[in-house]
Structure formats: structure tokens, C-alpha cells
Amino acid sequence: MADRKPGEPGGHRDALREVTARHGAPGRLLSAALERARAATASGPEEWAPLVAGAAGLPGAAGLGPATYFADLAAPRGERHVRVCTATACFAARGGRHVTEAEEALGVTVGHVGTDGRTSLQTVHCLGYCYAGPAALDGTRPCVGADLADQLAGRTVPRAPAIPVADTTGAPVLLAGIVNGEPSWDVWRRAVAGLRADDVREEVAASGLRGRGGAGFPVAAKWQAVSGRPGAVVVANGDEGDPGSYADRLLMEEDPQRVLAGLALACFACGALRGTVLVRSEYPKAMARLRRAVREAVEAGDLAASTGTAGPRPFVEIVEGAGSYVAGEETALIARLEGARGCARPRPPYPTDEGLWDAPTVVNNVETLAAVPWIVRHGGAAYARRGAPAETGTKLVCLSERFARPGAYEVELGTSVREIVTKHGGGLKDGRALVALQIGGPLGGFLAGDALDVPLTSQALADHGAALGHAGLVAFDADTDPYELMRHVWEFAADESCGACSPCRIGTRRGLELAHDRAGAPGEAYERLARLMGEASLCAFGRRVPVAVRSLARAYGAALAGWDR
């Protein structure tokens, strides 16, 4: 029994732990019930979320919290639900006009259900079609391209071009299965048959592999922190929220076996009996393909069918996200898996000490795990010879729709950004001039179009005021108004702040207010705001917003004078 009652401080989590333990599928009972209730009504969550929580033996606030926090649960929903992308690449493709065009085509405004109660429209931040946008999901069916409104209105046939992929290294790691058909489960079977957990950790340590989700933490060190500890869990983070990146979507859709084999190897190295993959709800195709791949792996004996039969072969479950950028941060992702609001939590304790349901938990990005089968097959030393000395290996970079040759390219870390833009991307389409380049999502940073002689490494980009992040590259030409772009960044930040800390919650809204005033430089008020957010925000989201805005101002120079503080 829980030590505290559900209504007492801290009691919600204890009560939910008790309920989910009693009914199985830890962390998913309340979330699944909320999702079912959302799908069955167009009413707001204040009407149904408390009832769902009550049915699970929890106070109403335990249901109302996540139901009003996650965009997929809070958004009004009709029989036909359309999600239109407002992320950076789609914004650059049409200057944001596609949202109004979608409203006119559907006869409904964003955030509402039509007067007939049938059609609803929701804006989301990235659907992973940055290479061909603007984009929308009509239910689970994608509609992509300049004629998006016509597709939604039924005047043209909906279409979604496949992700163009190319390897620039000559011996792909991440694209090994997609480009060369290199199998991944064979590596896992040999590891289980003849390797020790220490052997796998040693190869990954020798490779120098660092997390590809943005933080860049050494993977082997994170695995070592939970090795041998009872109840350890490994979570594959497929909540790829950085607008401009679609690398994880590519891997989950086109080579789900590699992702699952990497997860299984991570579980083996950590001594974990259970693994979880969190997939963005905006990636329905990836969700379907991973679930099918899990079923096939269970039938083949590569994964366990249940937690009770797990051993060296782990039990793996696939969980759907619910629409939140910050929920991609590891502590917020864990909160989501526990059925709570996806807010960042203070650290320490770190997830490797107290993570999912207080168990030692490793969170690895999907792209990170996708590299592990190659490393175990070919050896850590072979991987370490690639890339830059301090940042080894390869990275998937994603080029946006403005490029002449958009798509996902596997490159070695340390490759010049200019080479990626000009040689691989072919510059901008129609020979247009590149004015600014965003790297690593809205919170990554910007480079001026004539300042691209920077190696693609975390350190080099940081030295130039940018960040590697997921390595999505979004190009902007002269058609983009720099002030509109800056407002776009602040709007994203204000929409996606989880609200857990005041500097970010209030700061992003105040920054957006200042961005709406084009009369002049923001002055000392913004300088104080930027310093407060950068120093006092709970997680990297709030701390990175002023940095991203500063890099944008520097990329555009006099056009955004005063915002480079």
C-alpha cells in the first residue's frame, strides 16, 4: 500500500504506482484511459479527465493534469481530426501561409471543431516531413506539398514522398540496413550466444559513442551507471521533437529491426530485463512498423513475450507520445511514461539512480541505439576512427525543403557545414542565396549564410553560438522576414514550455510580447530577461531560448539589432 493517500502531497504518484502495478502495464493505465476518452468525445478535458482518474481510484487532478498538458489530449477533436505542421521548415516553405489555407480548405479554424461537429484542426510542431513541406496529418494519412490545401479539400490526391537518403561515408553505420541491407538481429543473436555484458560495454566505450539526442553524454558511462542494479530499465527516446529533423522517423520506419536490436543490446549491456520505445504520436507509421517488428522479434525468439519470461532477451513495449516537445527531455519523458504531465524534473537524482518508477533508468536516443549493432559487429575501434578525435562516428543530418537536394545524409562528425550545404544539399533550390541556416532545431542556433566554415561537432558549433542537437538543417532565403522568424522562435518556445519553472514559463511569454514590437531594439528589459532565463531555468529548454535568439540576431545583423544580448 502507498504511504500517502492520493489527495496528500506526493500521493498521486504513489497511488498511480499502486493502481498500475495491480492492473499491469506500469505507467500506461491512466494514459491509455485518457486517450480512449479523448477519442470518444469532442468535449474539453475538464469534462472527462477527472472521471477517468476517478475510475482508476485517483483524484480528478491526476487525470486533468496530463489531459490539459499534452496537446493531443487537450485539443478539441471531431470525427475527422487534422494536424497541420507549423514547425520551422514548413514555416520557411510557405511563410506560414499554409495554416490559413488549411483553415479555408477545411472550413474550420485552428483549435476548434467545425460547426457540424465533424472536422477539427490542430497545429503541431513538426511532423517529420521537413524535406517536402508544408505537411499535415489527416487522421494518420499524411498530406505533403505546396498544394497542401488542395489535398485537404479533396481537390488533389494526398501524397507523402519518401525520405531521400544518402550515405557520404562509403561505409554507412546508421544507414547500413537501409542502404546496404545489413542485418541487425544477427549481431544480437551472436551477442547473446557468445558475449558478456562487459564485452558490449567495452566495445561501445572504445567507440567513443555519445548520445545523439543533443546532450552528447558518453553512452558507455550511462550504461555502466546502471549495470548490475536490480530493476534497471532502458528507454529508447523516439520523441524526436526538434523541428527540422526526421532522422529518428527514418530509422524507426525504414529499419525498425536495427533500432530494436540496438535497444536489446543496450538492455543486455545494462542487465535490464525491460525496454521501452517512446514514439511521437506525430509518427503513426513509425509506431505501426515498430509494433510489427516487435511481434516478429518475439515470434523469432529474439525478444521476450512478457516481463515474466524476460532474461538476456528483454521484454520490449512500444508507447505512444501525446504531443509535447519538452517531453523529449529524459526526466519529462519518464514523467510521461508514468502517466503524469511531461514536465522536466530537478536533477539530482539522475534517471540512472531514480528513473522510471524510481528504478535505475537509461534513456538513449533512437539514433544512438541504431549505431550500436554496427559497433558490436565491426568493433569500437573501427567506429572511433571515423569522425572527429573528440567526437567520433557518424551523424544523420536532415536538410529541409528549401535545399536543392533535401533529405537525410549520413556524414562523419567534423564534416564542414559548408560541404553539407553546398556539396550534398546542392545549395538552395532555384539558385537562391542562403541568408541564414538553423542547426539543431529552434533551440539549436543559427549561422549566417556566409559563415558556414564550421565543423559539424558540438564544440565547434557551440563556439559559433549554435548547437548540434538532432542536426536538422533548415535553410532561409531572402523571402523570410527576420522579424517573423524571430517571432516564430518565441512562439514555439511559449507554446512548448512545460511550465515547471517560472523563468521559462513567464520568460518565453514575455519574450514573445517583446518580439511583437517592431518599433526598435528590445533594450535592457530583454537583456535582464535573457540572463534570467539562461541562468535560472530548470532545464536546457529555457536556458537555450535566449542563446538561439542571440545566434539568430547575429546571423541577420542590423535587421535584428538589440536581440544579440
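How many of the six residues of strand S12 (residues 407–412) are buried? I looked this up as my first entry and found that five of them are, so that strand S12 is mostly covered; here buried means under 20% relative accessible area, exposed means over 50% and partly exposed lies in between, with a 1.4 Å probe and protein chains only.

Before going on, I noted that this is a predicted model, in which local features need pLDDT of at least 70 and side-chain atom pairs count only at pLDDT 80 or more, while totals for chains, interfaces and linings use all residues. I also noted that residues are numbered from 1 along each chain as its sequence is written, and that side-chain values use heavy atoms, with hydrogens and water left out.

I took helices and strands as DSSP runs numbered from the N terminus, helices being H or I with at least four residues and strands being E with at least two. Two strands pair if DSSP finds at least two bridges between them. On that basis I found that strand S6 (residues 165–167) runs parallel to S12 and is joined to it by three bridges, with Val165 standing opposite Ala408. S11 also pairs with S12, in the antiparallel sense and over six bridges, and there Val397 has Tyr409 as its bridge partner.

**Strand S15**

Next I followed strand S11 (residues 394–399) to S15, with which it pairs in the parallel sense over two bridges; Leu399 stands opposite Leu473 in this pairing. I then found strand S13 (residues 436–439) joined to S15 by four bridges, the two running antiparallel, and Leu437 standing opposite Ala475. Why is strand S15 (residues 472–476) largely enclosed by the rest of the structure? I recorded that five of its five residues are buried. Both faces are covered, with Gly472, Val474 and Phe476 buried on one side and Leu473 and Ala475 buried on the other.

**An open sheet of five strands**

I traced a separate entry for the open sheet whose five strands come in the order S2-S3-S1-S4-S5, with mixed pairing. Strand S2 (112–113) and strand S5 (141–144) stand at the edges with a single partner strand each, so one side of each is left without a neighbour in the sheet. S2 runs antiparallel to strand S3 (residues 119–124) and is joined to it by two bridges, and His112 has Leu121 in S3 as its bridge partner. I saw that helix H7 (residues 97–106) packs on the sheet and touches strand S1 (80–85) and S3, its direction making about 165° with that of S1. Contact here means heavy atoms within 4.5 Å, and the axes are lines fitted to C-alpha atoms, for helices over the stretch in contact, with angles running from 0 to 180 degrees between N-to-C directions.

**Aromatic rings**

I searched the whole structure for aromatic pairs and found 11. Rings of Phe, Tyr and Trp (its six-membered ring) pair if their centres lie within 6.5 Å, and planes under 30 degrees apart count as stacked, over 60 as edge-to-face and the rest as tilted. Trp490 and Tyr526 form an edge-to-face pair, 6.1 Å centre to centre with 85° between the planes. This pair links distant parts of the chain, 36 residues apart, with Trp490 in helix H21 (residues 482–496) and Tyr526 in helix H23 (residues 524–536). Tyr526 is buried at a relative accessible area of 0%, and Tyr526 also forms a tilted pair with Trp563, 4.6 Å centre to centre with 55° between the planes. I noted that this second pair spans 37 residues, Trp563 lying in the segment after helix H24 (540–556). Trp490 is buried with a relative accessible area of 0%, and Trp563 is likewise buried with a value of 0%.

Elsewhere I found that Tyr129, Tyr131 and Tyr246 form one aromatic cluster, and that the charged end of Arg249 sits over the ring of Tyr129, 4.1 Å from its centre. A charge sits over a ring if NZ of Lys or CZ of Arg is within 6 Å of the ring centre and within 35 degrees of the ring normal. Arg336 lies over the face of Phe70, at 5.1 Å from the ring centre.

**Lys222**

My last entry concerns Lys222 in helix H12 (residues 219–226), which counts as buried at 15% relative accessibility. Leaving aside neighbours within four places in sequence, I found Lys222 in contact with Phe217, Glu330, Thr352, Val362, Val363 and Asn364.
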